[in-house]
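User: Hi! I have a structure to go through with you, and I'd like to ask some quick questions as we read it.
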Amino acid sequence: MRWLWIDCIIEHEPEQRLVAIKNVSLAEEHLHDYVIDGTPVMPFSLMIEGMAQTAGILVGSTSRFREKVILAKISKATLDCDVTAGDTIRYEATIERIDKAGASTHGTINRRVAGGDAWERIGKVELLFSHIDNNLAGLEFPEHNFVFSDNFKMILETAGLSHLVETTQENRDATINNC
Amino acid sequence: MSRDDIFEKIQEVLDDALGVDEDEVTPEASLTADLGAESIDFLDIVFRLEKTFDFKISQGELFPENLTENEEWVNDGKLTDEGLSMLKGRMTHVDFNAFSESDRNISTIGDLITVNSLVNFVEIKLAS
């Protein structure tokens, strides 16, 4: 998870639900590449990535991040209106199904416009995640969890959720090797 | 639940999971060869079947998995007699007749999973 598309986690119900926030800023370069009728717009693909990170953390936290969780499929994604600079996005992800092979999640995208107080639902995203060590038998992956890197740990620490990360010997070794 | 009711619900499941039109979902249609399902779609279909019919499906129960890990089941890319016998016993919802008479190439075994075999599977699960 090299590029973070969420700013912070604001709610977490273990093994059920996770809510994250993204503040959209004109300082972000991608907005300048997506200008529609003079308005810089947050690309929907990056909102799907934001939802994938929100739901991915929720799924990963169920195994204390021992499993390597990767986005395998965007089952459905709809967006009713655009998001622009100054707006805030709220990603709410819930687990629908989870087992050793993977997980399916349902997510809603909400928007609070600049200067406003109310949230409005503007989109839905259904995702499928794979636990690759269990689901891609025969392929070899590194022992350490390369999916959940230091960036995401910072998000968890900021939200007071660092206790969810189990520090395995493999991850400690990988951290040392990366220094 | 009647077999027709099961078939209609499976049409909806495959419509959602694979983005195919319901009229493409015929009983004889193969999930991979005709409907374009890829390996990760099988996990999606399993989750949707569990939700739709309210039962639990174990890994490897619906689709053949990890066959190549056992040398007794697969030899030189072909399913052995032991492998075929094991699958017939474990996956009674699948028709292996034509496959057993072919060259038994393991790469084509996914094609055996048809819409009809899904209906068989659900019917057996609901009856058990």
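User: Which residue stands opposite Thr108(A) in β8(A)?
Analyst: That would be Lys124(A), which stands opposite Thr108(A). Before we go on, this is a predicted model: local features need pLDDT of at least 70, side-chain atom pairs count only at pLDDT 80 or more, and totals for chains, interfaces and linings use all residues. Residues are numbered from 1 along each chain as its sequence is written, while chains are lettered from A and ligands numbered from 1 in the order in which they are written.

User: Good to know. How many bridges join β7(A) to β8(A)?
Analyst: 10 bridges join β7(A) to β8(A), residues 120-131, and the two strands run antiparallel. Strands here are DSSP E runs of at least two residues, helices are H or I runs of at least four, and both are numbered from the N terminus. Two strands pair if DSSP finds at least two bridges between them.

User: And what about β6(A) and β7(A), what do they form?
Analyst: They form a hairpin, with three residues between the strands.

User: Where do β1(A) and β2(A) come in?
Analyst: β1(A), residues 8-13, runs antiparallel to β2(A), residues 17-23, and five bridges join them. Glu11(A) in that pair faces Val19(A) across the strands. This is a hairpin with three residues between the strands, and Glu15(A) in the turn has a positive phi of about 65°.

User: Let's zoom out. What pattern does chain A follow along the sequence?
Analyst: Chain A reads β-β-α-β-β-α-β-β-β-β-α-α-α, with five helices and eight strands. Of its 179 residues, 31% count as buried; buried means 20 or more other C-beta atoms within 10 Å of a residue's own, exposed means 12 or fewer, and partly exposed is in between, with C-beta atoms placed from the backbone.

User: Which residues touch the most other members of the largest nonpolar core?
Analyst: Met51(A) and Tyr91(A) do, in a core of 61 residues. Helix α2(A), residues 44-61, gives the largest share of this core, eight residues. Domain 1 and domain 2 of chain B both give residues to this core too, so it lies between them. A nonpolar core is a set of buried Ala, Val, Leu, Ile, Met, Phe, Trp, Tyr and Cys residues joined through C-beta atoms within 7 Å.

User: What does Tyr91(A) touch?
Analyst: Leaving out residues up to four places away in sequence, its contacts include Ile6(A), Val19(A), Met51(A), Thr54(A) and Ile109(A).

User: Switching to chain B. How is it divided?
Analyst: Domain 1 is 1-60 + 113-128 and domain 2 is 64-110, with bounds from an automatic or database domain assignment. Their centres, taken over C-alpha atoms, are 21 Å apart. Eight residues of domain 1 of chain B are in contact with seven residues of domain 2 of chain B.

User: What about helix α1(B), which of its residues are buried?
Analyst: Ile6(B), Ile10(B), Val13(B), Leu14(B) and Ala17(B) are the buried ones. Seen down the helix axis, they fall within an arc of 95°, so they line one face of α1(B); the arc is that of the directions from the axis to the C-beta atoms. These buried residues pack against α2(B) and α5(B), whereas Asp4(B) and Asp5(B) on the other side are exposed.

User: What follows that helix?
Analyst: Gly19(B) follows α1(B), and its phi is positive, near 70°.

User: Last one: where is Thr68(B), and how exposed is the residue?
Analyst: Thr68(B) sits in the loop between α2 and β1 (74-75) of chain B. The residue is partly exposed because 13 other C-beta atoms lie within 10 Å. Thr68(B) and Leu79(B) are 11 residues apart in sequence, and their C-alpha atoms are 9.1 Å apart.

Note on methods. Two residues are in contact if their C-beta atoms, placed from the backbone, lie within 7 Å.
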